[in-house]
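Here is my note on the model you asked me to look over. Keep the structure open and follow the points in order.

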Amino acid sequence: MKFLIITHVKHKFESNNILAYAPYVREMNIWFKYVDEVTIVAPKTSEKSSPIDLEYKHPKIQFKEIPSLEFTSIKKAFLSFLKTPYIFFVIFNAFRKTNHIHLRCPGNIGLIGSFIQVLFPKTLKTAKYAGNWDPKAKQPLSYRLQKKILSNNFLTKNIQVLVYGDWKKQTKNIKSFFTATFTNNEKELPEIRSYNENLKFIFVGSLVEGKRPLLAIKIIEALHKKGISLQLDFYGEGKLIQELQQYIIGNKLVDIIAFKGNKNKEVLIQALKEGHFLILPSKSEGWPKAIAEAMFFGVIPISTSISCIPSMLDYGNRGILIEPNVEEASNKILTCLNKKEELIEMSKLASKWSQNYTLDSFEVEISKLLRF
């Protein structure tokens, strides 16, 4: 089988290896086990690899570079429109030569791929929609267009669209799915934590506006002022780092908040085993890997009620759902901290649920998708 990936993910090249964002590559390497040839159509970057990058594993990979598209300014939007015809040509030509099309959405490249795949109704396809599939969510026009095209049975044929969460009134193209990070061999009973003092909070993700890292800091600050003994460690990097550091210094939080940067899987696992809570008050998510990974080791997630997160947290039984408001969120967390036995049970339920979604079960489901 000739397998084609269309994605906006930027790729790096080192020593004849192709690398990209590790969670995405780790997933794609599982797909690759069941195909003969792989073609990747994606942007390329000259940036050096980091601890959160991983290399593809397949003996026969072809990479076709396309430019990335950005619409964050008038100049970038104009340049992107000039690039679009070339991207259309490369993707269309790649579609003609493959047996299976795999679209990575949402994204500008995914949107182009979604339009072009309409012209190939007989080719088998899958699409991974890694964003929020909630029909009621407020999203950019490009995201809404992708959702409409992919879910339209008339326009889009021979496709299974993998989405996070169970949503009512979906077309036959839509398949509720999941993602995974750990194997069955990595399962273990998490230690029963003490929630009396020295509480360790963890934030895992990019330091960008959508993840609301400053809100996480302010919630921790409020708990600290209420007399809670705690520590918050950030794992990730992003453009807000300087702003966050300035806030921490200005508000004398240096002793309780630290930035660890991007770390590899082993370091992150150790942090999760020692942590009590993961805090992630995001504006938008698909299937938040950080939350599922934390739950795997018994870390209690604290998150906003977006996308499929309420279902993941069993509406408060496997984690703490908060509003994006410092006072309301800190008060709710404080209330939960006064119920130690419930927190212990919450940790157990979180781990039990997350350990159902391993890479082993994920691989079984992927193999079925490639045979449909």
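1. First, a definition. A pocket is an open set of grid points, and its lining residues have an atom within 4 Å of a point. With those terms, β10 gives the most to the lining of the second largest pocket: three residues. Remember throughout that this is a predicted model.

2. Overall build. The protein has 12 helices and 16 strands. Its C-alpha atoms fill a box of roughly 65 × 45 × 45 Å along the principal axes. The radius of gyration is 21 Å, which agrees with the value near 21 Å for a compact globule of 372 residues.

3. Of the 372 residues, 53% count as buried. The protein exposes about 18,100 Å², and carbon and sulfur atoms supply 52% of that area.

4. Contacts along the chain. Take the contacts between residues at least 6 apart in sequence. Of these, 71% join residues at least 24 apart. Asn 185 sits in the loop between β10 and β11 (199-204). Asn 185 is exposed, because its relative accessible area of 76% is over the 50% cut-off.

5. The second largest pocket. Its volume is about 210 Å³. The lining has 14 residues; Asp 166, Ser 176, Phe 177, Trp 287 and Tyr 357 lie nearest the centre. β10 (174-177) and α9 (309-312) each supply at least two residues of this lining. By class, the lining has seven nonpolar, three polar and four charged residues.

6. The cavity. Rolling a probe the size of a water molecule over the atoms shows where empty space is left. How many cavities of 30 Å³ or more does a search of the whole structure find? The search finds one. About 90 Å³ of space lies in the largest cavity. Two elements give two or more residues to its lining: α8 (289-296) and α11 (340-354). The largest share, four residues, comes from α8.

7. What lines the cavity. Among the lining residues are Thr 179, Phe 182, Lys 289, Glu 293, Phe 296 and Trp 353. By class, the lining has seven nonpolar, three polar and two charged residues. Trp 287 and Tyr 357 also line this cavity, and both are named among the residues nearest the centre of the second largest pocket.

8. Backbone points to check. Most residues other than glycine have a negative phi, and most peptide bonds are trans. Which bond is cis? The peptide bond joining Cys 105 and Pro 106 is cis, with omega about 0 degrees. Pro 106 is in the loop between β7 (100-105) and α3 (108-116).

9. Positive phi values. Asn 16 has a phi near 65 degrees. Asn 16 lies in the loop between β2 (12-14) and β3 (17-21). Is Asn 16 buried or exposed? Asn 16 is exposed, with a relative accessible area of 82%. Asn 158 has a positive phi of about 55 degrees. Its place is in the loop between α4 (141-151) and β9 (159-164). Asn 158 counts as partly exposed, at 35% relative accessibility.

Terms used:
Residues numbered from 1 in each chain as written. Predicted model: local features only at pLDDT ≥ 70, side-chain atom pairs only at ≥ 80, totals over all residues. Heavy atoms only, no water. 1 Å grid on protein atoms, 1.4 Å probe; cavity = no way out; pocket = protein on both sides within 12 Å on 5 of 7 lines; lining within 4 Å. Points joined across faces, edges and corners; volume = space filled by probe spheres on them. Nonpolar A, V, L, I, M, F, W, Y, C, P; charged D, E, K, R; others polar. Buried < 20%, exposed > 50% of the residue type's maximum accessible area, 1.4 Å probe, protein only. Rg over C-alpha atoms; globule rule 2.2 N^0.38 Å. Contact = heavy atoms within 4.5 Å. Areas by Shrake-Rupley, 256 points an atom, 1.4 Å probe, with all protein chains shown as cover.
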